[in-house]
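Biologist: Could you take a close look at one part of this model for me, the packing of a pair of helices? I would enjoy a connected walk through it.

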Amino acid sequence: MRIGAISDLHIDRHKSLTPEDYLKIMVRTLQREEVDLLLVAGDVSNNYKLTHQFLEQIERQTSITVKFIPGNHDFWSTDTDLNSNEILEYYMKMDACLIGKPFVINDEWAIVGNTGWYDYTYASPKFSLERIARRKYYGATWQDKVKIDWETEDQQLSKKAAKQAEKDLQAVKDKKVILMTHVVTHPKFAVPMPHRIFDYFNAFIGTSDFNNFYERFNIRHSIMGHVHFRSKFEENGIMYYCPCLGYGREWRTDNIETEIDHALEVIEIE
Ligand SMILES: [Fe+2]
């Protein structure tokens with residue numbers, strides 16, 4: 001079985017390409033790569049309706065099962081009729097959403113997914129928690145502060161996400177697991193420090209609340225997004241992937257097909 005994984009498509013942020021362009025190329029790439037199941041690790045768009053529609057269209061046009069977890073951008077509530085908590089409820093009702101619904105592939109394998117949330121532990125220790133909680137540095141504001149209206153603090157959100165993920169991992173504890181999060185769960189994917197900006201902004205990249213899961217559960221593959229890196233590495237028998245497409249302005253070429261092809265990770269399981 002060939003499992004495709006990709007993240008951070010941001011289909012509504014390209015200066016000239018439309019979401020339909022992204023859809024067309026995604027469909028073509030999945031067919032060419034003979035993917036049987038697609039995993040999307042969040043940040044499809046800044047609007048939940050568009051995110052839903054895009055994932056549904058991929059499924060409809062390819063007949064491939066799509067599983068996803070929302071990213072922070074998929075929770076942005078400005079320009080929508082729902083608040084972020086209602087958007088989460090909306091996603092959890094979708095068949096494709098993995099939160100609270102681990103996907104059992106066969107007797108041996110299952111997929112567990114959760115957005116996770118950043119808990120500030122990836123920032124340089126030179127910043128106090130109060131300083132980070134302001135979410136503003138060098139004149140730049142972390143956009144979730146203005147675009148998301150959870151009424152819960154970030155560290156609390158991270159704990160809540162980890163608790164749900166733990167419950168979902170428990171439910172499939174006899175299986176080998178592919179874990180998918182949006183935020184980073186391994187510090188190797190944070191922006192290398194010291195860094196003028198990311199000594200601060202790494203606070204909003206990852207969480208440490210998932211650390212113990214890698215010892216307690218049979219996680220074999222761990223997919224994450226959010227940082228717009230494309231890389232993978234192995235550690236203690238676990239493969240970690242960051243298959244981000246990212247913004248058009250970050251691409252090395254101006255060819256979306258080349259970029260999607262490069263970002264898409266294919267994991268083969270028996
Ligand atoms: Fe993100």
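Modeller: Happy to! Axes here are lines fitted to C-alpha atoms, for helices over the stretch in contact, and angles run from 0 to 180 degrees between N-to-C directions. Helices are DSSP runs (H or I, at least four residues), numbered from the N terminus. This is a predicted model, where local features need pLDDT of at least 70, side-chain atom pairs count only at pLDDT 80 or more, and totals for chains, interfaces and linings use all residues. Residues are numbered from 1 along each chain as its sequence is written, and side-chain values use heavy atoms, with hydrogens and water left out.

Now to the pair. Helix H1, residues 19-32, packs against helix H9, residues 256-263, at an angle of about 50°, and their axes lie 10 Å apart. H1 is therefore oblique to H9 (under 35 degrees counts as roughly parallel, over 145 as roughly antiparallel, 65 to 115 as roughly perpendicular, and the rest as oblique). The crossing of H1 with H9 is right-handed, a term for the near helix being turned clockwise from the far one by less than a right angle.

From H1, the contact (heavy atoms within 4.5 Å) involves Asp 21, Tyr 22, Ile 25, Met 26, Arg 28, Thr 29 and Arg 32. H9 contributes Ile 256, Glu 257, Ile 260 and Asp 261. By class, the contact of H1 with H9 has five nonpolar, one polar and five charged residues. Here Ala, Val, Leu, Ile, Met, Phe, Trp, Tyr, Cys and Pro count as nonpolar, Asp, Glu, Lys and Arg as charged, and the others, Gly among them, as polar.

For context, UniProt places "domain: Calcineurin-like phosphoesterase" (unreviewed entry) at residues 1-228; such annotations may be inferred rather than shown by experiment.

Note on methods
Helices (H or I, at least four residues) and strands (E, at least two) are DSSP runs, numbered from the N terminus.
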